[in-house]
Amino acid sequence: MLDIDTKRAEKIIGQFIIHHVESAQFQGAVLGLSGGLDSSVVAALASRVLGSERVLGILMPYKFSSSESTEHANLIAKQLGIRTKTFDITKIAEGYETNLDKLRLGNLLARLRMCIVFDQSKAESLIVLGTSNKTEFLLGYTTWYGDMAAGIYPIADFYKTQVRMLAKHLGIPQVIIDKPPTADLWPDQTDESEIGNSYERIDKMLQLLVDGRLSPKETIQKGFSEQEVTRLTKMVIKNQYKRVMPPICKISARTIGYDFNYIKDWSTSL
Amino acid sequence: MKDIKIAIAQFAPKFADINANVTRQVEWAKEAREKGAQIIVFPELSITGYCLKDLSLDFSLKPDSEKLKPILEASEDIAIITSFPELGDDYVPRISAAMFYKNRLIHLYQKIHPPTDGMFQELRYFGRGDQIRAFDTSWGRMGLVICRDLWHPEEAFILSADGAELIIAPSAIPARGLSSDGFKITTSFEMLVYTQAFANQVYFLLCNRVGFEDGIGFVGSSVGYSPEGRMLYKMPEFDEKLEIINLEGHRLASAREKAGFSRERRLDLFEREIKRINNA
């Protein structure tokens with residue numbers, strides 16, 4: 001059920017990227033390159049459609065980042081022939097605070113990276129490509145205004161397992177496809193151990209619940225435990241706040257978001 | 001119906017830029033005419049773009065609007081079917097398709113079934129039409145339907161019962177439902193076009209748009225079938241293209257000779273049964 005026609009996926013995402021680069025008159029695209037699956041896939045999609053010279057990958061290691069992450073980011077950049085810039089964010093982070101718990105540090109690093117990517121976007125007139133996927137969006141396994149911040153989201157309607165299919169189609173190095181997904185905020189961290197389930201099971205449940213509109217009860221009947229389905233649905237609901245624009249207190253007769261409704265492309269229609 | 005050379009313009013409008021779209025449609029119409037086409041068809045809302053939301057009223061036009069004048073003038077030697085948000089006399093915008101020919105409005109059709117489900121919000125922004133009428137042209141009797149109307153086969157049925165020999169469907173169908181064998185939506189409209197051409201024994205031509213608006217990619221894949229159920233064309237996904245098709249008038253007769261579907265219609269029976277259901 002999660003299977004996708006990857007050739008068509010590549011085509012539609014390519015046209016989506018081109019549309020937003022051209023309509024807003026950007027020179028190209030920029031993204032944070034972590035060495036992981038999602039950013040490698042987005043970099044590959046963008047460089048295929050824009051040409052490698054118009055894609056900039058930014059490496060932003062922190063002192064605890066694994067050397068493997070930097071190696072893999074360089075590996076994909078080299079394979080694609082895209083430009084890279086590297087900024088070590090250790091000093092910026094420590095200049096703020098040296099005694100943060102894991103979660104606060106993780107969020108801080110994600111947001112510092114966002115600042116750099118957006119500054120590079122301005123410096124070189126490049127659109128910021130978000131690398132979030134549908135699984136992490138739905139679970140809220142992402143930092144609000146951190147890695148979630150982007151100009152466009154090329155792969156946010158693909159579950160993690162579908163991103164893996166895209167990666168195979170795009171010829172992403174096997175070592176990147178095979179390694180366990182990680183936010184790389186501390187040594188040996190992995191997504192699946194933190195979320196408490198495998199992406200394969202999570203994606204199947206999400207597809208039943210979200211795309212298939214099955215109830216949690218019906219989803220359990222498809223071969224999942226009550227505990228895992230309940231945990232998942234709670235995560236989806238609890239993180240809804242990250243998926244909407246923050247509420248505006250309605251005062252006037254016409255309020256942004258309620259009765260002032262336009263698409264983003266309105267801004268490039270002049 | 002006479003033989004017709006008809007151009008299907010799988011066109012990507014620029015969002016909220018009427019002048020740019022009118023200019024390009026005039027260019028495409030000229031190109032089609034140079035290639036011998038007598039009619040050119042553009043997709044749904046291709047004068048303005050689709051996701052208008054609060055622009056729907058601001059961008060709505062009367063068919064005799066100054067902004068459409070270049071289209072009207074270009075229709076001197078090629079009939080142009082295009083689509084725009086049309087401002088009614090009641091100040092309500094509707095999604096309409098118009099046929100212009102020889103500087104005149106030949107026919108105006110207002111979409112009957114604006115979808116308001118799933119990703120669509122058309123009734124939030126638009127009114128709807130309430131007439132299903134075939135109309136005469138220099139080449140034969142025609143009918144227009146728009147996009148979601150295709151999912152209501154009773155409309156093409158009424159048009160063909162009203163004598164339409166050729167039904168044209170401008171549309172703005174977004175790509176969605178990607179599985180391992182492509183977009184599910186494409187299979188769905190291809191089957192609908194085929195069934196309605198074949199069962200009503202008419203030419204049925206879909207002209208779907210391409211291009212992006214925000215995250216929505218319009219799938220193209222415009223497709224047309226003959227009265228005998230033969231595929232006439234199938235256009236690419238996502239890419240603009242101008243395709244010129246030859247329609248042979250005599251096919252209508254040969255289709256109806258081979259099979260009597262259109263003769264078997266029981267309009268009187270339908271009328272009685274629909275009245276009964278409506279009154280129940």
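Predicted model: local features only at pLDDT ≥ 70, side-chain atom pairs only at ≥ 80, totals over all residues.
With chain A still selected, its C-alpha atoms fill a box of roughly 50 × 50 × 45 Å along the principal axes. Buried residues, meaning those with 20 or more other C-beta atoms (placed from the backbone) within 10 Å of their own, make up 39% of the 270 residues in chain A.

Next, select residues 6–185 of chain A as domain 1 and residues 193–268 as domain 2, bounds that come from an automatic or database domain assignment. The centres of these two domains of chain A, taken over C-alpha atoms, are separated by 22 Å. Across the boundary, 13 residues of domain 1 of chain A are in contact with 16 residues of domain 2 of chain A, a contact being a pair whose C-beta atoms, placed from the backbone, lie within 7 Å. On the domain 1 side, the elements that give two or more residues are helix 6 (134–139) and helix 7 (160–170) of chain A, and helix 6 of chain A gives the most, with 4 residues.

Now show both chains and turn to the contact between them, which takes 21 residues from chain B and 18 residues from chain A. Select strand 9 (178–179), strand 10 (182–183) and strand 12 (210–213) of chain B, each of which supplies at least two residues of the side of chain B that touches chain A. That side of chain B divides into 9 nonpolar, 5 polar and 7 charged residues, with Ala, Val, Leu, Ile, Met, Phe, Trp, Tyr, Cys and Pro counted as nonpolar, Asp, Glu, Lys and Arg as charged, and the others, Gly among them, as polar.

Finally, select strand 4 (residues 93–101) and strand 5 (residues 104–110) of chain B, which run antiparallel and are joined by 6 bridges; two strands pair if DSSP finds at least two bridges between them. Pick Ser96(B), whose bridge partner in strand 5 of chain B is Gln110(B), and then Lys102(B), which takes a positive phi near 50° in this hairpin with 2 residues between the strands.

Methods
Residues numbered from 1 in each chain as written. Chains lettered and ligands numbered in written order. Contact = placed C-beta atoms within 7 Å. Buried ≥ 20, exposed ≤ 12 C-beta atoms within 10 Å, placed from the backbone.
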